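This report describes selected features of a protein model.

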Amino acid sequence: YRDIAVIVRDPKSYEGILDAVFSKYEIPYFMSSRKEIAEKPLVKLIFSAFSIIDRGFRGQDVITYLKTGLTGLLPDEVSLFENYIIKWNLRGKLFTGDEPWNMHPRGYGYTFADEDHGVLVTLADLRERVISPLKAFAGAYRGAKTVRERAELLFDFLSGLAIPDTLGAQAREAAARGERALSMETVQLWNALCETLDQLVTCAGDTEASAQEFSQMLMMLFLETDIGKIPTSVDEVVISGAAQTLSGGHRYVYLLGASEGGFPQRVSEDGIFSEYEKATLAPLGVELSDRLERRVSEELYYFCRAAVVPRERLYISYAHYSLSGAEQRESLGVKRIRKLFPALAVSEFELSERDTLVERPAASFEHAMAMGGELGRALREYYEGREDYAEKLRYMRIPLGAEKTVLSPENAELLFPGKLATSYTRLEKFIKCRFAYFCEYELRLRDDSPASFGAVDIGSFMHGVLEKTVRWIAEGGEESIAEGVRRIAGEYLGEIFHKDVENLPKRLQHLFHYLCRSAEIFAQRMKEEFAESDFRPLDFELSVSREGNAVTPMKLASEDVTVELRGKIDRVDAYEGAGGKLYIRVVDYKTGDKTFDLENISLGLDMQMLLYLFSIWENGEHRYGKEILPAGVLYAGIKPPQVDVPSDEEAREETIAVKASGLFLKDEGVLRAMDHELKGKWIPVKASDLKKDDAKKPKLMGLDAFLDLKESVRDTVLKYAAELKSGKANAEPLRVGGKSPCEYCRMRAVCRIRKS
């Protein structure tokens with residue numbers, strides 16, 4: 001390897017690529033370019049700390065500070081901290097104030113689970129560990145005046161973070177991995193920093209300097225400080241920049257990146273004076289050294305010098321396309337060489353014989369599936385026999401766009417041992433798209449986009465406010481509807497934003513008032529319905545589970561799977577009919593255009609309310625002390641306004657869409673208990689509907705039909721639960737009414753079959 005050299009115009013731009021290639025082929029190499037200390041994590045930590053102080057704890061500056069790897073946080077802790085900063089756009093007093101972080105780690109509209117509370121506890125600890133030293137440093141640094149004082153504070157700050165110990169540990173880890181060059185380079189960092197601070201104090205220790213001036217002086221010294229790398233082995237490939245002088249003696253040289261404008265590099269006019277102005281000034285004795293002609297000549301000289309280094313063979317390469325996809329041509333240097341040696345042939349890498357690409361295991365593995373014949377078969381047999389490649393090869397046989405995917409029986413059993421206990425919300429997610437379900441609930445992939453109060457959050461807000469408002473009305477709240485709604489809405493927003501309404505941005509204040517007016521209209525309707533209806537609320541937010549004061553879920557069992565579907569019912573209404581039987585109606589508050597459709601049951605959709613109703617029908621007698629019969633399910637809906645409400649628009653009753661939908665028992669007495677006149681005022685049923693055939697009015701059905709529906713729902717749930725338990729993970733979205741769940745899916749970024 002010592003006979004080989006690789007020359008590139010700018011080693012920095014190729015460093016990552018070369019490192020990946022040489023590691024893949026297990027080739028030892030030495031990067032001879034000298035790296036500026038200003039690029040090192042230690043220096044980035046220092047200047048990100050300066051930026052944090054100067055810009056008032058801006059979120060992006062804190063993230064840069066965290067990512068240096070020198071703050072004492074583990075990589076997973078850095079990721080957690082960064083995601084929370086981005087999610088809630090944290091800055092300023094949100095970092096430095098005493099107010100605790102209690103916003104949900106996933107954004108608006110999520111219910112806190114034990115896991116989420118645990119995340120907040122972890123974040124509080126990370127905040128203390130990261131922000132407290134920065135706050136102390138910022139307070140002292142702002143009061144410093146001289147260069148010496150600022151240098152001492154910086155040294156104490158870095159020592160307090162245990163930077164010397166951290167760098168020492170990193171050097172030992174690099175040495176253990178066999179990266180001797182990186183280990184030696186890391187060891188030099190702290191000494192180089194101390195020498196830089198010493199120079200600064202020696203030259204200007206008693207000089208008064210602002211924070212910005214001190215930062216500039218420190219950076220000037222860093223830019224003049226290099227950390228060289230000593231070759232770690234005698235036998236290794238040398239990688240060099242074209243501007244550097246190689247010692248010579250290399251038999252083979254690879255000259256990379258010889259595309260037009262790349263090597264030789266494109267030279268353009270810059271600076272204050274144009275080339276014409278420089279030429280005009282030259283006869284007057286004003287000679288400006290940085291002339292365009294000289295720089296062009298230098299670039300050609302670098303190319304020429306690199307081309308004559310090898311004793312035996314020179315390889316020159318250039319790409320047809322850049323990393324951004326822009327078309328590229330050969331450089332001037334390549335054109336001149338081809339003109340000097342017209343018999344030279346250009347070799348196209350993409351047209352190379354595949355068997356020439358078989359080198360080391362890591363390098364040739366990607367070709368194993370593409371190659372045919374005896375060589376391809378031999379490669380695949382080789383990798384199948386290696387423990388570290390066998391599973392990778394198995395997954396390579398699955399096309400990237402494969403819609404049919406399934407977990408192994410072993411993994412499926414690990415995820416779903418024994419009885420399947422879940423919620424219908426999760427099961428419905430699985431029914432709509434198996435792939436999205438596994439990404440969100442089993443792999444727990446999370447969207448890291450910033451939290452914003454959008455359409456989904458408005459729906460959650462309206463649902464929460466309506467739920468609490470209706471309960472308050474049913475319990476005989478003494479305030480007016482308007483006062484009650486605004487108090488409840490204010491408390492709800494306080495839980496989300498941790499601010500009073502008056503301290504929210506103007507846009508959110510206006511939206512708050514608009515939403516409150518919408519909720520008032522809905523609440524007034526509920527109050528009027530309670531006054532006229534014979535159905536009375538028995539329970540609010542009733543849990544369906546086996547825990548505490550809850551209703552036990554309906555029995556769902558077959559030979560293949562046993563399921564327990566948990567959940568929470570917004571409201572349970574009841575009416576005592578003839579014979580002391582208790583007719584139960586399950587009510588859910590919906591925001592949007594939700595309409596109950598019986599045909600969706602066979603698809604596995606719209607079953608949540610029916611599952612709750614059937615659970616009370618089966619197991620509610622113990623709770624309510626009477627025989628239970630189903631009266632139906634009611635979706636009490638209100639369509640919330642758009643996110644961007646015009647500032648001059650007020651919510652009026654005629655602009656708020658309040659509607660009801662559902663499925664009801666075909667019993668006139670029960671129906672009139674809900675709506676005395678049966679004119680469709682409180683439920684979407686009129687007296688004339690009772691005279692029509694059930695098939696034409698699927699929102700009404702008799703008790704026997706409800707029994708049949710109960711068995712149909714049971715069979716549908718068990719069918720999909722068996723699929724879930726078996727580990728089916730198909731990216732096969734369920735389209736209903738021309739709508740696809742892909743449109744707003746959080747997993748679109750990783751979906752196998754995402755279409756443009």
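A residue counts as buried under 20% relative accessible area, as exposed over 50%, and as partly exposed in between. The model discussed here is predicted. On this scale, Glu 541 is partly exposed, because its relative accessibility is 29%. Glu 541 is placed in strand β9 (residues 536-544), and its phi is positive, about 50°, although it is not a glycine.

**Backbone geometry**

Most residues other than glycine have a negative phi, and most peptide bonds are trans. Arg 444 also carries a positive phi, near 60°, in a residue other than glycine. Arg 444 belongs to the loop between α19 (434-442) and α20 (455-474). With a relative accessible area of 48%, Arg 444 is therefore partly exposed. The two residues are set out below.

| Residue | Phi | Relative accessible area |
|---|---|---|
| Arg 444 | near 60° | 48% |
| Glu 541 | about 50° | 29% |

A further backbone feature concerns a proline: the peptide bond from Phe 263 to Pro 264 is cis, with omega near 0°. Pro 264 lies in the loop that runs between β6 (252-255) and α11 (275-281).

**Overall organisation**

The protein contains 26 helices and 15 strands. Of its 756 residues, 42% are buried. Among contacts with a separation of 6 or more, 71% are between residues 24 or more positions apart.

**Helix α15**

Helix α15 (residues 373-384) has 12 residues, which at 1.5 Å a residue should span 16 Å; the end C-alpha atoms are 17 Å apart, in agreement with that expectation. Gly 376, Leu 379, Arg 380 and Tyr 383 are buried in α15. These residues cover an arc of only 95° around the axis, so they lie on the same side of α15. An α-helix has 3.6 residues a turn, so residues three or four places apart point the same way. The buried residues of α15 pack against α14 (361-364) and α16 (387-396). On the other side of α15, Glu 374 and Glu 381 are exposed.

**Packing of α18 and α26**

How do helix α18 and helix α26 pack, in angle and in distance between their axes? Helix α18 (residues 424-432) meets helix α26 (residues 703-726) at an angle of about 75°, and their axes are 10 Å apart. The two helices, α18 and α26, are therefore roughly perpendicular to each other. From α18, the contact involves Leu 427, Phe 430 and Ile 431; from α26, it involves Val 717, Tyr 720, Ala 721, Glu 723 and Leu 724. The residues of this contact comprise seven nonpolar, no polar and one charged.

How values were computed
Residues are numbered from 1 along each chain as its sequence is written. This is a predicted model: local features need pLDDT of at least 70, side-chain atom pairs count only at pLDDT 80 or more; totals for chains, interfaces and linings use all residues. Side-chain values use heavy atoms; hydrogens and water are left out. Helices (H or I, at least four residues) and strands (E, at least two) are DSSP runs, numbered from the N terminus. The expected span of a helix is 1.5 Å times one less than its number of residues. Buried means under 20% relative accessible area, exposed over 50%, partly exposed in between (1.4 Å probe, protein chains only). The arc is that of the directions from the helix axis to the C-beta atoms. Contact means heavy atoms within 4.5 Å. Axes are lines fitted to C-alpha atoms, for helices over the stretch in contact, and angles run from 0 to 180 degrees between N-to-C directions. Angles under 35 degrees count as roughly parallel, over 145 as roughly antiparallel, 65 to 115 as roughly perpendicular and the rest as oblique. Ala, Val, Leu, Ile, Met, Phe, Trp, Tyr, Cys and Pro count as nonpolar, Asp, Glu, Lys and Arg as charged, and the others, Gly among them, as polar.
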